[in-house]
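Please take the sequence and the structure together, and follow the residues as they are named.

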Amino acid sequence: MRATVVVVGDLGRSPRMQYHARALAAHDASVDLIGYAGAALPHAITSDPRIAVHRVGEPRLRHRSGSSITLYVLFAMIDGVRSTIRIGRALWNVPPPDLILAQNPPSVPTLFIAWFVARFRKARLVIDWHNLGHTLVALRLGRRHPMVRLSRWFERSFGRRADAHLCVSRGFAKYLQDRFRLAPVTVLYDRPASVFVSIQRSEGEQLRQALFSRLGVRSGGPVGFIVCPTSWTEDEDFDLVIDAVARIEDRIRGWEAGRAGRRFAELVILVTGDGRRRKEFERRFAGLPAHRVQLRTRWLEPEDYPRIVGVADLGLCLHRSSSGVDIPMKVADLFGAGVPVCALDYGACLAERVRHGDNGLLFSTARQLADVLFELFETFPDERSQLARLRAGARRSAQPTWEEGWAKEARPVLMP
């Protein structure tokens, strides 16, 4: 069997599609992985003889539009044409596949290109729905903009032309079936890959100290380490964490003043990943009057990321879903490493994976986030604390792994 996996996005920042490619290859398929050049791919992808990687340049004219919506729409249309040509040429140049697996979003031009090539080459087309593309467009243009309505029509119309569908939550599956009239739709949860594991305390402490040294972290006692994986996109709410840092600093000062000699743990929040908004928020982070809370940013290489996640005490998810039906993959990564998640609550779909009080905690405002962090680290590093109980719940949530879930849920769809 030959499969083509298509991402109209940076391949290095598309872990779910990387996992699909590896799983297909592990089940004896020859895989062509197509997407934009950018971040480095894991060695497990580049060294696999059954996976051929085809990277094309990303059209980026829309990023020069500034705050003008008119220019953004015009430049995005030009980028769409360029992307259609580049991705279409790559799809046409690979050997004829039996299966085309396309990531959505972006819907434009992904769904059209994938459908056109699939029909011309008599391949099955399966769409893997990570989110709704038109809701992401609405973040920039507003929900009532004509391009948003056009994008929704395009997404629904070409979505119906696929042979099968995967998606990331039960709520998402219901939406696609009820609103878009798609069928069949199979839920394939994001789950941790086998590289995400709990790290032994002695090894973990060495990794933490080495990391803190590189990050320039101050430490005069216990240090609580919070990792916040992100892609720095518009659906990540960094304003909330900036406000929360100021609030928790005030609360710590009052707590320490209440009794002589009492000292709260140092808190280090490491925001990983890279993206267009990173520099803007780094400037804002630097302007915070933080004493006990140290904010750091760092891009982590694919081989380093699972190890850094594995030594964290807590994961922080600031994803504010544009659709309300997606679930960020970072949650699965953290659970795989046995790390509980403190997540911004956006509805019932998130609760399918993050169970408040069991494997994580949910918050809605900066005040709630500050209160949660204070309460979790008030007795740190006491192993009888709430944080320790949540860690046990996170370890239970690490099963099944991506490989196990894929074989049960996705293989019958992709390799019938």
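Asp 358 counts as partly exposed, at 21% relative accessibility; buried means under 20% relative accessible area, exposed over 50%, and partly exposed in between (1.4 Å probe, protein chains only). The side chain of Asp 358 meets that of Arg 396 in a salt bridge of 2.8 Å, N to O, where a salt bridge is a side-chain nitrogen of Lys or Arg within 4 Å of a carboxyl oxygen of Asp or Glu. Asp 358 lies in the loop between helix 13 (348–351) and strand 13 (360–363) and Arg 396 in helix 15 (residues 386–396), so the pair ties together parts that are 38 residues apart in sequence. Helices (H or I, at least four residues) and strands (E, at least two) are DSSP runs, numbered from the N terminus. Arg 396 counts as exposed, at 53%.

The model is predicted: local features need pLDDT of at least 70, side-chain atom pairs count only at pLDDT 80 or more, and totals for chains, interfaces and linings use all residues. Residues are numbered from 1 along each chain as its sequence is written, and side-chain values use heavy atoms, with hydrogens and water left out.

By the salt-bridge rule the count comes to 27. Side chains of opposite charge can pair when their charged atoms come close. One of the salt bridges joins the side chains of Asp 190 and Arg 16 at 2.6 Å, N to O. Asp 190 lies in the loop between strand 7 (185–187) and helix 8 (201–215), and Arg 16 in helix 1 (residues 15–26), so this pair ties together parts 174 residues apart in sequence. Asp 190 is buried at 7% relative accessibility, and Arg 16 is buried at 3%.

Asp 250 and Arg 253 also meet through their side chains in a salt bridge, at 2.2 Å, N to O. Both lie in helix 9 (residues 238–257), three residues apart, about one turn of the helix. Asp 250 is partly exposed at 47%, as is Arg 253 at 42%. Elsewhere, Glu 58, Arg 60, Arg 62 and Asp 79 are linked in a network of salt bridges.

Asn 131 is found in the loop between strand 5 (124–129) and helix 5 (133–141). Asn 131 is buried, with a relative accessible area of 5%. Its side chain makes a polar contact with the side chain of Ser 322 at 3.3 Å, and another of 3.4 Å joins it to the side chain of Asp 326. A polar contact is a pair of N or O atoms within 3.5 Å; within protein, one must be able to donate a hydrogen and the other to accept it, and residues adjacent in sequence count only if both atoms are side-chain atoms.
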